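Here is a short note for a colleague who has not looked at this entry before. The points are numbered so that each can be checked separately.

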Amino acid sequence: MPAYVIVGLQWGDEGKGKIVDLLAKEADLVVRSQGGNNAGHTIVRDGVEHRFHLVPSGILFSHTQCLLAGGTVIDPAVLWNEIEQLKSSGIPVQGRIFLSPYAHVIFPFHRELDVLSEQNKGKSAIGTTGRGIGPCYIDKAARMGIRIADLLDPEAFKKQLEFLVAHKNQELILIYGRPPIDFQEIYETYVEWGKRLKEFVAPVEKMIQEALDEGKHVLFEGAHGSLLDLTYGTFPFVTSSSTLPAGVLAGAACFSQAKIQAIGIVKAYSTRVGGGPLPTELKKEETAFFPPHEVMREIGTTTGRKRRIGWLDLFLLRHVVQLSGIREIALMKIDILDGISQGKICIAYRHRGKLLDEPPIVSSDWEEVEPVYEEFQGWQQPTSNCKIPKELPIQARQYLEKIENFCHVKISYLSLGPDHSQTLRLHRPIPG
C-alpha cells in the first residue's frame, strides 16, 4: 500500500470517512492536515456508528497513529471531548494521537465573530457552521494567530493573547456593538488547555516525513470537498482552507519523493449544505424520487442540517477531476438511486444560451447557469446486498460506465451502503 491522499470531489459530505476507514486497516499513520471541527466523518462498523470532527477516523484501528498536522485549526475543547469519548468507548489514545505545535488555536471570540459576521451579511451569508474556523484562519493570515506551541508557554501566550484580545475587542465593540472579551477568563482557561494537551503535542511533520522516507503506509484524510476549496471552489461559498490534494499535502508540510496516490470520493448524486450554487438541485416534484433525508443519511454530522440534493453533475465533476489530477474515484451511495425509474445526469452548462467550456468563475454567473441533462434508465432493484460487480443491475453498471468515460477516471470502490461489508472493489483490491 503506497501513501494515499483522500479528498472529496464535490461540496463535502461525500463519504470520505468510510474509504479512509477501509484503507486505514493497512496504514501506519493517518493524517488530518486542514480545516477544523467544521468537518465531520461518520463511520459505521458492525452496526455501530462513530462520529469524528477532528481526530482522524483511523483511530478505530489499534495499530494506527493519528496525526493532526500544522494546517489544521484546533478548538481545544472539541479535541479534548473527542479524546474523552474515545477513552470511554475503550479505544486507546495514549501514544496514538499527536498534535502539531504549528496548528492554530480557535478561541471563543472566533466562534462569536463567525456568527456575527454571518448575521451581518444578511442574504449574502454563506452558511458557515459557526465553529470559528474562518475567523481563526483570518488571524493566521493576518499574522496574529496563536498556535498550539504558544499555549505551552504561559508567559509568551499571555503577551500574544493581550494583543489579540485588544484587537478583537475593537472589532466586537466598534463594528458589532458587543461587550468586550474577558481577557483573564480566556487566558486561564487556555493555559489549562495547554497543560491538558501537552502530552499529545509532537513534531508531527517530522514524523510524517520519516514515515514516508521509511516506506511506511501513510494515509492523508482530506476534509470538506474540492468545490469548497478557498481558491478554486465556488467562491465565495467555500471553506477557509485548501481542499485539493495539493492543499491537503501542503497542510502537512509534505513534499516527498515517496509515491502518493490521490483517490477522489464522489456521491452518485450531488449534495451541499448552506448557501451557494447547486445547479442540478432537485425541483420540488423531483424530491419524491428520492428517499427521505433520514433514510438517505443526508443530515450533516457536524451541523445537523438537512443537505440540499441534486442530480449528479458530471460536467462539474470532470472539471474538478482535471483540476485535482485525480485518476481514480470511490463512488458512494449508489444504493440511494435504487428506487428511481428514470433520472437525470448533468453533462454540460448553458449560460445565456451558450454552452460553456468550463464552469463559471464569477459568482453572479452561477445564478444564470442552466444544466444540460441526459436521462438515464433506473434499475429499480436493491444493490445493497450485491457481493460482486456482476451482481449489479445492468443499468447500474451503465451508470458507472458513463461516469468513467465522461470524466476519464476509474471507479476503484463502489459503496452500496454505510457498512464496511457493503463495498465492492472494481479496479483495486480492498486491504485485508
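**Notes on the model**

1. A253 counts as exposed, at 53% relative accessibility. The residue sits in the loop between α9 and β10 (260–267). Most residues other than glycine have a negative phi. Please keep in mind throughout that this is a predicted model.

2. Q380 also has a positive phi, near 45°, and is not a glycine. This residue belongs to the loop between β17 (369–377) and α13 (394–407). With a relative accessibility of 52%, Q380 is counted as exposed; the cut-off for that class is over 50%.

3. F235 and P236 are joined by a cis peptide bond, with omega at about 5°. P236 is in the loop between β9 (218–225) and α9 (245–250). Most peptide bonds are trans.

4. On the overall build: the chain contains 13 helices and 19 strands. Its C-alpha trace spans about 65 × 50 × 40 Å along the principal axes. A compact globule of 432 residues would have a radius of gyration near 22 Å, and the chain agrees with this, at 22 Å. Among contacts between residues at least 6 apart in sequence, 76% join residues at least 24 apart.

5. How much of the chain is buried? Of the 432 residues, 56% count as buried. The chain exposes about 18700 Å², and 51% of that area is supplied by carbon and sulfur atoms. As for charge, there are 48 positive and 51 negative charges, and their mean positions are 2 Å apart.

6. The largest nonpolar core has 71 residues. Those with the most contacts inside this core are F220, F290, I334 and Y399. Another core lies apart from it and has 58 residues, among them A27, F52, A103 and I263. In soluble globular proteins, nonpolar side chains tend to be buried together.

7. F290 and F289 can be read side by side. Leaving aside neighbours within four places in sequence, F290 is in contact with Y269, L282, M296, I309, W311, I336, L337 and I340. F289 counts as partly exposed, at 42% relative accessibility, and is placed in the loop between β11 (270–272) and α10 (293–296). From F289 to L54 the C-alpha distance is 35 Å, and the two are 235 residues apart in sequence.

8. Is helix α1 enclosed or open to the outside? Nine of the nine residues of α1 (residues 16–24) are buried, so the helix is largely enclosed by the rest of the structure. The buried residues include the charged K16, K18 and D21, as well as I19, V20, L22 and L23.

9. K25 is in the loop between α1 and β2 (29–32). This lysine is partly exposed, with a relative accessible area of 39%. The C-alpha atoms of K25 and P180 are separated by 48 Å, and the two residues are 155 apart along the chain.

How values were computed: Residues numbered from 1 in each chain as written. Predicted model: local features only at pLDDT ≥ 70, side-chain atom pairs only at ≥ 80, totals over all residues. Heavy atoms only, no water. Core = buried A, V, L, I, M, F, W, Y, C linked by side-chain atoms within 4.5 Å. Buried < 20%, exposed > 50% of the residue type's maximum accessible area, 1.4 Å probe, protein only. Contact = heavy atoms within 4.5 Å. Helix = DSSP H or I, 4+ residues; strand = E, 2+ residues; numbered from the N terminus. Rg over C-alpha atoms; globule rule 2.2 N^0.38 Å. Areas by Shrake-Rupley, 256 points an atom, 1.4 Å probe, with all protein chains shown as cover. Charge placed at Lys NZ, Arg CZ, Asp CG, Glu CD.
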